[in-house]
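Let's take a friendly walk through this model, one region at a time. Keep the sequence and the 3D view open as you read.

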Amino acid sequence: MYRWITISLLTVALISVSIWGYHSNKQKNDLYVQAENEYQRSFHELTYNMDVLNDQIGTSLAMNSPDKLSPQFVDIWRISSNAHANTGQLPMGLLPIHKTEEFLSELGDFTYQTAVRDLDDDPLTDEETEQLEKFYKQSGEIRDELREAQHLSLSNGSKWLDVEQALLNTDGEKDNDMVNSFQSVEDSFNSSTEETTEESTTSTDTEEHSYKNVTGNDLTEEEAVKKAEKIFGKEDGTDWTVTKSGDGALTPMYSISYDENGERGYADLTVKGGHPLNLLISREIGGKQLSLNEGFEIASDYLSELGFDEMQLFQSSEYDQVGIYSFVYEDDGVRVFSDAVEVKVALDNGDITGLTANNYFKNHVERDIPDPAISEKEARDAVNQNVTIQENHLAIIDDNQGEEILTYEFLGTRDDATYRIFINAETGAEEKIEKMTDAEINYNSIV
């Protein structure tokens, strides 16, 4: 009997130790995942901030209104501060990045000091404009290096905790792809700062608010899966994972995903009506077989199938054999940038790999659009004379307060850069300027 009691106690003890070990290991893994996620977030935010930073600096060079330059410089200062903070959140303490931080600090100081003075009475000097040009060149070089590092990270599945271990290696061997990539970034900063001492796509982001254009009946989980099959182009047999948002969500939605044959898909659908807010498919992309224009036709047809009517392409680009197409809603000849949709198409076989429709469902409503108070010629006169205008449209955009305004939209070039410039159709004021990337300059060949 004592033998059985002993065996029982040992069994209980063994089970207890196993449970403790499991929970201890799970806690350790959870902390690992949390740290890795924080590192990944900081890295991708840094890459994004540097991308936006380059576009914003380029945009400031095309501006003609002092009252617009000041808030533009405030934005650049804010973004450079965010980028500076991102570098401090990466496990890079053992890798010298002093030149990187020095560059961001100098840019932040320059833009802040310029923004706080009265540019009407004390405009930019020729030396300050030249300094801004140098910042623009430097940020472009660093943006390209960071994009390469990001590409390496995504394609190799690099873990930032492995980077940290490589940096902590005391054997003198620090051979790690991400470490090497960041060293290239640092070298690029070094080169740029030595020279000193001798982008976006039109943003359609709007202020966060509730969805205005979500209609229909509430879908069950089974109905949501049927909807997902349509938007993903999948048939029966796919093993779906479905999660419903918690109670109290402003807009209840289903998060639906799958993982099969080396392909992973994810989408958010509203419970009400099953509207796709976003979709992402991750898989290896093969060699390019389709042109950017052929990808546009596929993207346009896809939007029509999903019920997005009267959508017009306003820009396109290509990255890693994927076509990226941004559409806006056209209301009686007026392009409504608030109602934007983006579609990604794999140019190896024409598969849809991405959809972003948040802004469309947040903003799309019936509008009473007024006639412009000034003529097109008057609006053209408000554009910087160094910009050569190629195209123009009437467009609705959001101002800095998130209010929709009618504008004249001009596509123009200055030196080797292309810009989209918005002039207020009521007052003639310069409202917004967006720098386009090189791929987007093929605008005319697509639309």
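Is Asp332 buried or exposed? Asp332 is exposed, because its relative accessible area is 76% and the cut-off for exposed is over 50%. Please keep in mind that this is a predicted model. You will find Asp332 in the loop between strand S6 (322–331) and S7. Its phi is near 55°, a positive value in a residue other than glycine.

With a relative accessible area of 81%, Asn261 is exposed.

Strand S3 (residues 263–270) and strand S4 (residues 276–282) run antiparallel and are joined by 6 bridges. Within this pairing, Leu269 stands opposite Pro276 in S4. The hairpin of S3 and S4 has 5 residues between the strands, and Gly273 in the turn has a positive phi of about 85°.

S4 has another partner to look at. Strand S8 (residues 352–356) pairs with S4 in the antiparallel sense, over 3 bridges. Here Leu279 stands opposite Leu355 in S8.

## Aromatic pairs

How many aromatic pairs does a search of the whole structure find? The search finds 13. One of the pairs is formed by Phe337 and Phe422, an edge-to-face arrangement with 5.3 Å centre to centre and 85° between the planes. This pair links distant parts of the chain: Phe337 sits in strand S7 (residues 334–346) and Phe422 in strand S11 (residues 417–424), 85 residues apart. Phe337 is buried, at a relative accessible area of 3%, and Phe422 is buried as well, at 0% relative accessibility.

Elsewhere, ring pairs join Phe73, Phe103, Phe110 and Phe135 into a cluster.

## Tyr419 in strand S11

Strand S11 also holds Tyr419. Why does Tyr419 count as buried? Its relative accessible area is 1%, and buried means under 20%, so Tyr419 is placed in that class.

Leaving aside neighbours within four places in sequence, Tyr419 is in contact with several residues, including Gly58, Thr59, Ala62, Phe410, Arg414 and Ile433. Along the chain, Tyr419 and Met436 are 17 residues apart, yet their C-alpha atoms are separated by 5.6 Å.

Our last stop is Ser60, which is found in helix H1 (residues 2–61). Ser60 counts as buried, at 4% relative accessibility. Beyond its neighbours within four places in sequence, Ser60 is in contact with Leu69, Gln72, Phe73, Ile76 and Leu132. Among these, Phe73 also belongs to the cluster of linked rings.

Which residues lie nearest the centre of the second largest pocket? They are Ser60, Met63, Leu69, Leu124 and Thr129, from a lining of 14 residues. The volume of this pocket is about 300 Å³. H1, helix H2 (66–88) and helix H4 (126–156) each contribute at least two residues to its lining. Sorted by class, that lining has 8 nonpolar, 5 polar and 1 charged residues.

Terms used: Residues are numbered from 1 along each chain as its sequence is written. This is a predicted model: local features need pLDDT of at least 70, side-chain atom pairs count only at pLDDT 80 or more; totals for chains, interfaces and linings use all residues. Side-chain values use heavy atoms; hydrogens and water are left out. Helices (H or I, at least four residues) and strands (E, at least two) are DSSP runs, numbered from the N terminus. Buried means under 20% relative accessible area, exposed over 50%, partly exposed in between (1.4 Å probe, protein chains only). Contact means heavy atoms within 4.5 Å. On a 1 Å grid over the protein atoms alone, a cavity is a set of points where a 1.4 Å probe fits but cannot get out, and a pocket is an open set with protein on both sides within 12 Å along at least five of seven lines; lining residues have an atom within 4 Å of a point. Grid points are joined across faces, edges and corners, and a volume is the space filled by probe spheres set on the points. Ala, Val, Leu, Ile, Met, Phe, Trp, Tyr, Cys and Pro count as nonpolar, Asp, Glu, Lys and Arg as charged, and the others, Gly among them, as polar. Rings of Phe, Tyr and Trp (its six-membered ring) pair if their centres lie within 6.5 Å; planes under 30 degrees apart count as stacked, over 60 as edge-to-face and the rest as tilted. Two strands pair if DSSP finds at least two bridges between them.
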